[in-house]
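Trainee: I would like to learn how to read a fold and its aromatic pairs. Could you take me through one case?

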Amino acid sequence: RLPEGAPLPPPGIFGHIALRAADTEGTRTHLRARGVEWREAPVPGLPLLQFFLEDPTGATVELTFDTD
């Protein structure tokens, strides 16, 4: 989400990127140390955990981890 009053990005700019990731605990530690806020969500029916955070432009970054 863009900050209140921020201009909208020009057409063609993406709003979401999904990446495969490893080391769930290491990533939590890394994000906490840098003051990054995120939310976690398990993927129903699959052995996956997703982290969702925002980059400085407001685009959502999705990190997907294997849980098994």
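Mentor: We go from the fold to the sheet, then to the rings. Keep in mind that this is a predicted model.

Trainee: Which helices and strands does the chain have, and in what pattern?

Mentor: The chain holds one helix and four strands. Along the sequence they follow the pattern β-α-β-β-β.

Trainee: How do I read the sheet? In what order do the strands lie?

Mentor: Start with the general idea. Strands of a sheet pair through backbone hydrogen bonds, either parallel or antiparallel. Here four strands form an open sheet in the order β1-β4-β3-β2, with mixed pairing. β1 (16–21) and β2 are the edge strands, and each pairs on one side only. On average, neighbouring strands of this sheet are turned by 25° against each other, direction ignored.

Trainee: Where does the helix sit?

Mentor: α1 packs on the sheet and touches β2, β3 and β4. The direction of α1 makes about 15° with that of β3.

Trainee: How do β2 and β3 pair, parallel or antiparallel?

Mentor: β2 and β3 run antiparallel and are joined by four bridges. P42 has L49 in β3 as its bridge partner.

Trainee: Why is β3 described as largely enclosed?

Mentor: Count its buried residues. Six of the seven residues of β3 are buried, so the strand is largely enclosed by the rest of the structure. For the chain, buried residues make up 26% of the 68 residues.

Trainee: Now the rings. How is an aromatic pair described?

Mentor: By the distance of the ring centres and the angle of the planes. A search of the whole structure finds two aromatic pairs. W38 and F51 form a stacked pair, 5.9 Å centre to centre with 25° between the planes. W38 is in the loop between α1 (24–33) and β2 (39–42), while F51 is in strand β3 (residues 48–54). The two residues are 13 apart, and the pair links distant parts of the chain.

Trainee: Are these two residues buried or exposed?

Mentor: W38 has 21% relative accessibility, so it counts as partly exposed. The cut-off for buried is under 20%. F51 has a relative accessible area of 0%, so it is buried.

Trainee: Which other ring pairs with F51?

Mentor: F65. F51 and F65 form a tilted pair, 4.7 Å centre to centre with 50° between the planes. F51 lies in β3 and F65 in β4 (residues 60–66), so this pair ties together parts that are 14 residues apart in sequence. F65 is buried because its relative accessibility is 1%.

Trainee: Which residues do the ring pairs link into a cluster?

Mentor: W38, F51 and F65.

Trainee: What lies over the face of F52?

Mentor: R39 does, at 4.5 Å from the ring centre.

Trainee: What about longer-range contacts and the surface?

Mentor: Take contacts between residues at least 6 apart in sequence: 35% of them join residues at least 24 apart. The accessible surface of the chain comes to about 5100 Å², of which 58% belongs to carbon and sulfur atoms.

Key
Residues numbered from 1 in each chain as written. Predicted model: local features only at pLDDT ≥ 70, side-chain atom pairs only at ≥ 80, totals over all residues. Heavy atoms only, no water. Phe/Tyr/Trp six-rings, centres within 6.5 Å; stacked < 30°, edge-to-face > 60°. Buried < 20%, exposed > 50% of the residue type's maximum accessible area, 1.4 Å probe, protein only. Lys NZ or Arg CZ within 6 Å of the ring centre and 35° of its normal. Contact = heavy atoms within 4.5 Å. Areas by Shrake-Rupley, 256 points an atom, 1.4 Å probe, with all protein chains shown as cover. Pairing = 2+ DSSP bridges. Axes fitted to C-alpha atoms, helices over the stretch in contact; angles between N-to-C directions.
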